[in-house]
Amino acid sequence: MTVSLTLETTAYTLDQLISRPEPQLALAGRSNVGKSSLINALAGRKKLAKVSSTPGKTRSVNFYKVEPHDFYLVDLPGYGYARASHAERQKWARLLEHYLADCKKLRALVLLLDCRLPPQKIDLELASFARQCRLPLLPVLTKADKCKQQERALRQKQWQNLLGVRPVVTSAESRLGMEQLWRALAAAAEAAPEARQSTPASEKKPEE
């Protein structure tokens, strides 16, 4: 089956994020985790998602339609970029919090993690927040081509122990893990949604 990925719309407000009826998977990660490169690798296209030379530059939320599975990959702004202003970081955090907590069509959080780095506090905080929202996690290790096999296995085991879910190991450069990731994404989108907590996002914010 041929899978296609198309940029359908760009959103800037919470209302735009939660108004669509189709299932959604949120893609989130640190601002230099290689999210745009991964999207391009999934699509088999070099310029679908713009790869910026400046980490943290993306301010909008991009909706990529996945056919024929009929769900969206929702590309959220990167987090953890120290050179962004405090006001900008707070704005991104609030949007992320409310979207993860309140979007009824959101099926999972696809958490992108740099294979070269040991588990980072900011990633663990986001994973914990998603769990509070009863949102399933799909961890994905990126940039695996820059690591030796032993390091990949170690990082995969570390994250599996922390999250209870075995990460998919990927490389946008070599296309390692792309088919496995597509299968995992389709399965997550088709899974029955869990009952979400009713606690407002403002009462369960992750640390900034």
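Predicted model: local features only at pLDDT ≥ 70, side-chain atom pairs only at ≥ 80, totals over all residues.
E22 is buried, yet it has no salt bridge. Its nearest side chain of opposite charge belongs to K65, and that one is 4.4 Å away. K65 still turns up among the contacts of E22, along with D70, Y72 and K105, once neighbours within four places in sequence are left aside.

Next comes helix α4, which covers residues 121–132 and has twelve residues. From its first C-alpha to its last, α4 reaches 16 Å, close to the 16 Å expected at 1.5 Å a residue. Which residues of α4 are buried? They are D123, E125, L126, A127, F129 and A130. As background, an α-helix has 3.6 residues a turn, so residues three or four places apart point the same way. After α4 comes R134, and its phi is positive, near 55°.

Over in strand β6 (residues 137–142) lies L141. L141 counts as buried because its relative accessibility is 0%. What does L141 touch, not counting residues up to four places away in sequence? The list is L113, C115, R152, R155, Q156, W159, P167, V168, V169 and T170. As for L117, it is 24 residues from L141 along the chain, and the C-alpha atoms of the two are separated by 9.9 Å.

Notes. Residues numbered from 1 in each chain as written. Heavy atoms only, no water. Helix = DSSP H or I, 4+ residues; strand = E, 2+ residues; numbered from the N terminus. Buried < 20%, exposed > 50% of the residue type's maximum accessible area, 1.4 Å probe, protein only. Contact = heavy atoms within 4.5 Å. Lys, Arg positive; Asp, Glu negative; His and termini not counted. Salt bridge = Lys/Arg side-chain N within 4 Å of Asp/Glu carboxyl O. Expected span 1.5 Å × (residues − 1).
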